[in-house]
Amino acid sequence: MTPEATADKRRHREVLQAMSGLLMGMFVSILAGTVVSTSLPIIISDLKGDQTAYTWVVTATLLATTVSTPIWGKLADLMSRKLLVQLSLIIFVLGSALAGFSQDTNTLILFRVLQGLGAGGLTALVQVVMADLISPRERGRYMGYVGAVMAVGTVGGPLLGGFITDGIGWRWNFYIALPFAVVALLLIQFTLHLPKRSRKVTIDYLGIVFIASGVSLLLIWVSLGGRQFEWSSGTSWLMLGGSIALLALAVLVELKAKEPIIPLTLFKNRTFVFAVLASLSVGVAMFGASVFLSQYLQLARGNTPTESGLLTLPMIAGLLISSIVVGQVISRTGVWKRYMVLGAVLLTIGISLMGTLRYDTPYVLMALYMLVMGAGIGMVMQNLVLVAQNSLHHSEMGSGSSSISFFRSLGGTAGVAALGAFLGHRIPDLITQGLDRLGVPASATGGVASGAIPDLSTLPGPIRTVIEAAYGEGVGDVFLLAIPLAVITIVMVALLPNTPLRTKTTEQLRQEAEDGTASLVDERNASIGKRAAEVSANEIGSTTDAVDDQRSPAASDRVR
């Protein structure tokens, strides 16, 4: 084996060792989220919630994740990244464990917010630390491991969640992540070694307040508008105006802050801007698919949580295979744009096909639709972060990477809230229309016609068919509404500058910058010293000439 091959093998082993804790932390985050996804219809029904509560149990976590992601990312530029990863993991698991004790939907939503705060840290920090360890060109080589963890957590989570819900009870879904979290904390402590940063910490508290308040108010307005209040009502205009005012104040604060949470200079970077816009729509596809597919499979097709987890395997397979294969190809060739454009096109086709869903759509066709959509997400989602990081300065890696995740979560949260609000209107209308055709009064459904999540096993056959048909058509319409966003993804990805991927890690770039600064200081000092020596020599020469001029003629004659 050549010395180069030996060094590469050693480097590969060191990177995998350092990534082990990060991957376990990512697994905990994914597992804690996905074990609940297939159980939500049962959880909300057990806690006597409606469609609004169902949407908010999901939206609360996404909202907290969205708001906290840029804050975690900025802290990563100022403080120990290892400590921040451990702290976010602890917060996440604490929120997950407390959620298991919920007695109503309001309590569950509150603890899901805490869970989301920790998830925001894991979302932002894992990508930032990976940029410290692996160069953009090499990262595709390791995306297979990330994809495998995502697949095990995403596929195994719903299956495990369905088994737990059907066998033990849904509350244990929130406790299952605890042992994995302990292992993750130990691995991070003993395997992740990052250089210490000696930098004065200046936290932009005003920026945190205005960004969090403005984004939260905006997303709450999107979620509740048209249901809790009319879109054209005074409450609606007040919430919209308040969110715009808060975000405008956030922009003013960020322009003047010494260490802004989201540096506005990032938006001078074309690659960053296009990646942000593409991430918004990808977020809607990613989060929307996971949320509404569970409802469709359980409420439109009558599957159990375990069965609905199994039935989503085609989408997970598409995501896993495309992310691994494309990641390896990008790492070996350095070519990335054609695969991302292809992924955006597949995503749009997949979402369009999912828009044709009805309660009696053959599963073979549905599996094909999910496979295409999953392949598109896998080719685009992680590579948007990769391309954006490739264009960022090393000092902006934390805030820049987290901003991409922030806008992806923002798109997903707003999309799920808006689409959930639409579904909350659409389902009761479809159920009422179906009941009218049967000549059955709405009161006979026990509140289902008004938007409550139904327990299909307790309903008579004809009414159950009406409700299944309503959820089938309603979820299909949700995917149709997402098509324009997918088209935006194609346009933004096509506009991304086709910049070659760097072959150096963030830490190497930072070290080179520090060494370069030191070299400049040394050169400047040497130049100053050289000029000082020249000045001294000139002064000595001038003094000697003056002494010679003052010599006596006799002495001069003797010298001559």
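Guide: Before the packing, a word on terms: axes are lines fitted to C-alpha atoms, for helices over the stretch in contact, and angles run from 0 to 180 degrees between N-to-C directions. Helices (H or I, at least four residues) and strands (E, at least two) are DSSP runs, numbered from the N terminus. This is a predicted model, in which local features need pLDDT of at least 70 and side-chain atom pairs count only at pLDDT 80 or more, while totals for chains, interfaces and linings use all residues. Residues are numbered from 1 along each chain as its sequence is written, and side-chain values use heavy atoms, with hydrogens and water left out.

Visitor: Fine. How many helices and strands are there in the protein?

Guide: The protein has 19 helices and zero strands. Of its 560 residues, 54% count as buried, where buried means under 20% relative accessible area, exposed over 50%, and partly exposed in between, with a 1.4 Å probe and protein chains only.

Visitor: At what angle do helix 15 and helix 16 pack?

Guide: Helix 15 (residues 397-438) and helix 16 (residues 461-481) pack at about 145°, and their axes are 8 Å apart. Their crossing is right-handed, a crossing being left-handed if the near helix is turned anticlockwise from the far one by less than a right angle, and right-handed if clockwise.

Visitor: And which residues meet there, in helix 15 and in helix 16?

Guide: On the helix 15 side they include Leu419, Phe422, Leu423 and Arg426, and among those they meet in helix 16 are Pro462, Ile463, Glu473 and Asp477. By class, the contact of helix 15 with helix 16 has 17 nonpolar, two polar and three charged residues; here Ala, Val, Leu, Ile, Met, Phe, Trp, Tyr, Cys and Pro count as nonpolar, Asp, Glu, Lys and Arg as charged, and the others, Gly among them, as polar. Contact means heavy atoms within 4.5 Å.

Visitor: What about helix 5 and helix 15, how do they cross?

Guide: The axes of helix 5 (residues 105-133) and helix 15 come within 9 Å and cross at roughly 140°, which makes helix 5 oblique to helix 15. For reference, angles under 35 degrees count as roughly parallel, over 145 as roughly antiparallel, 65 to 115 as roughly perpendicular and the rest as oblique. This crossing of helix 5 and helix 15 is right-handed. Thr123, Ala124, Val128 and Ala131 of helix 5 make the contact with Met397, Gly398, Ser401, Ser402, Ser405 and Arg408 of helix 15, and the residues divide into four nonpolar, five polar and one charged.

Visitor: Switching topic: how many residues has the largest nonpolar core?

Guide: The largest nonpolar core has 148 residues, and Met19, Met373 and Leu384 are those with the most contacts inside it. The term covers a set of buried Ala, Val, Leu, Ile, Met, Phe, Trp, Tyr and Cys residues joined through side-chain atoms within 4.5 Å. Helix 10 (residues 270-300) supplies the largest share of this core, 17 residues.

Visitor: What is Met19 in contact with?

Guide: Setting aside neighbours within four places in sequence, Met19 is in contact with Met130, Leu133, Ile134, Tyr142 and Val146.

Visitor: Now the loops. Is Leu501 buried or exposed?

Guide: Leu501 is buried, with a relative accessible area of 9%, and is found in the loop between helix 17 (483-495) and helix 18 (506-549). The C-alpha atoms of Leu501 and Pro136 are 5.8 Å apart in space, although the two residues are 365 apart in sequence. Leaving aside neighbours within four places in sequence, the contacts of Leu501 include Pro136, Trp336 and Asn390.

Visitor: Where does Asn390 lie?

Guide: Asn390 lies in helix 14 (residues 363-391) and is buried, with a relative accessible area of 7%. Beyond neighbours within four places in sequence, Asn390 is in contact with Pro136, Thr499, Pro500, Leu501 and Arg502.

Visitor: And Ser39, buried or exposed?

Guide: Ser39 is buried, with a relative accessible area of 0%, in the loop between helix 1 (3-37) and helix 2 (40-46). Leaving aside neighbours within four places in sequence, Ser39 is in contact with Gly161, Thr165, Asn173 and Gln298.

Visitor: Last one: what is the phi of Lys48?

Guide: Lys48 has a positive phi of about 60° although it is not a glycine. Lys48 sits in the loop between helix 2 and helix 3 (51-78) and is exposed, with a relative accessible area of 74%.
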